[in-house]
Amino acid sequence: MAALTEFEKYVIEQKGTERPFSGEYYRHDAPGRYLCKKCGAPLYTSEHKFNAHCGWPAFDDEIPGAVKRILDADGHRVEIVCAQCEGHLGHVFEGEYLTDKNLRHCVNSVSLDFEAREGSEPQGSKMALATLGAGCFWCVEAVFSSLQGVSKVSSGYAGGAARDADYQRVCSGQTGHAEVVQIEYDPAVIDFATLLEAFFASHDPTTLNRQGHDVGPQYRSVIFAHDDEQVRVAGAMIKALDEAKVFASPLVTELTGYDGFYPAEADHKDYYAQHGEQPYCQIVIRPKLEKFRQLFAEHLKG
């Protein structure tokens with residue numbers, strides 16, 4: 001059995017639901033098989049997948065014997081679980097006539113892993129993830145979205161429990177969560193060290209639990225490392241910046257292991273791009289972004 005993050009446990013073992021339009025496999029269309037995240041059993045093939053425009057991955061068939069159906073306690077919906085480990089997948093619906101099979105398995109992305117069909121992915125196309133907190137995620141998202149080699153930046157929460165991954169709760173400063181961005185990037189174009197250079201250039205890593213007028217542990221400077229190499233690179237950079245006295249005060253940036261990311265509510269997505277004329281964007285985000293662009297001019301070319 002695979003080791004699960006807290007959010008994966010919440011969905012797979014406690015029958016939770018991820019937010020619509022937030023999952024990794026919602027728009028995924030590569031050829032291959034979808035496996036149970038908990039036990040690795042094959043559940044669906046890419047030929048079963050279709051876009052139901054519902055916010056979650058949808059399949060109109062399954063690998064024979066792979067999925068078990070259980071009537072919900074309310075007597076209305078039908079839950080689907082992995083037949084091998086009974087990990088929660090989602091629900092199944094009939095009568096919608098979305099495909100010829102008239103069946104929709106509505107599945108949480110977090111319940112799945114993907115196994116690409118041999119020869120279907122070109123060499124060198126593997127993307128990597130970085131998860132960073134540097135104050136208000138509206139600002140940080142705008143900064144990293146401007147970098148070459150970054151394909152996706154998502155605002156969200158990390159560092160706390162799944163049940164507390166909610167904007168109002170996080171704003172209380174009592175959840176352990178930080179406002180973060182999760183960055184999907186191409187290591188062949190931009191490496192993790194360059195992302196960290198952008199990270200340190202775009203905020204003040206010497207103020208504890210504070211960025212400007214934003215105060216509280218949810219605004220802390222933090223790096224959630226995804227692997228040992230990220231720990232090594234980040235640790236070395238923090239040490240080098242302190243030894244060189246690049247900042248007037250010692251860094252307080254937290255370096256900790258990645259333990260899950262919870263996407264923020266839909267109204268926080270692409271906030272600066274969608275609300276650029278609002279006072280906060282004009283007074284806070286825009287000057288910060290312009291200063292960052294000046295500092296990072298070489299990395300923004302092309």
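Two strands count as paired if DSSP finds at least two bridges between them. Helices (H or I, at least four residues) and strands (E, at least two) are DSSP runs, numbered from the N terminus. This is a predicted model, in which local features need pLDDT of at least 70 and side-chain atom pairs count only at pLDDT 80 or more, while totals for chains, interfaces and linings use all residues. Residues are numbered from 1 along each chain as its sequence is written, and side-chain values use heavy atoms, with hydrogens and water left out.

The protein chain has seven helices and 17 strands. Of its 302 residues, 49% count as buried, where buried means under 20% relative accessible area, exposed over 50%, and partly exposed in between (1.4 Å probe, protein chains only). Contact means heavy atoms within 4.5 Å. Among contacts in the protein chain between residues at least 6 apart in sequence, 66% join residues at least 24 apart.

Strands of a sheet pair through backbone hydrogen bonds, either parallel or antiparallel. Strand E1 (residues 32-36) is joined to E9 by five bridges, and the two run antiparallel. Within this pairing, Cys36 stands opposite Leu112 in E9.

Another open sheet consists of six strands in the order E3-E4-E8-E7-E6-E5, again with antiparallel pairing. Its edge strands are E3 (49-50) and E5, each of which pairs on one side only. Strand E5 (residues 67-71) pairs with strand E6 (residues 78-82) in the antiparallel sense over five bridges, and Lys68 has Val81 in E6 as its bridge partner. E5 and E6 form a hairpin with six residues between them, and Gly75 in the turn has a positive phi of about 80°. Further along the order, strand E7 (residues 88-94) and strand E8 (residues 103-107) run antiparallel and are joined by five bridges. Here Phe93 stands opposite Arg104 in E8.

Turning to the helices, eight of the nine residues of H2 (residues 137-145) are buried, so this helix is largely enclosed by the rest of the structure. The buried residues include Phe137, Trp138 and Glu141.

How do H4 and H5 pack, and at what angle? Helix H4 (residues 192-201) and helix H5 (residues 228-243) pack at about 45°, with their axes 10 Å apart. Axes are lines fitted to C-alpha atoms, for helices over the stretch in contact, and angles run from 0 to 180 degrees between N-to-C directions. H4 and H5 are therefore oblique to each other; angles under 35 degrees count as roughly parallel, over 145 as roughly antiparallel, 65 to 115 as roughly perpendicular and the rest as oblique. Phe192, Ala193, Leu196, Glu197 and Phe200 in H4 meet Gln230, Val233, Ala234, Met237, Ile238 and Leu241 in H5.

Two of these H5 residues, Ala234 and Ile238, are also among the residues that Leu255 touches, not counting residues up to four places away in sequence. Leu255 lies in strand E16 (residues 254-257) and, at 32% relative accessibility, counts as partly exposed. Leu255 and Leu132 are 123 residues apart in sequence and 9.7 Å apart in space, C-alpha to C-alpha.
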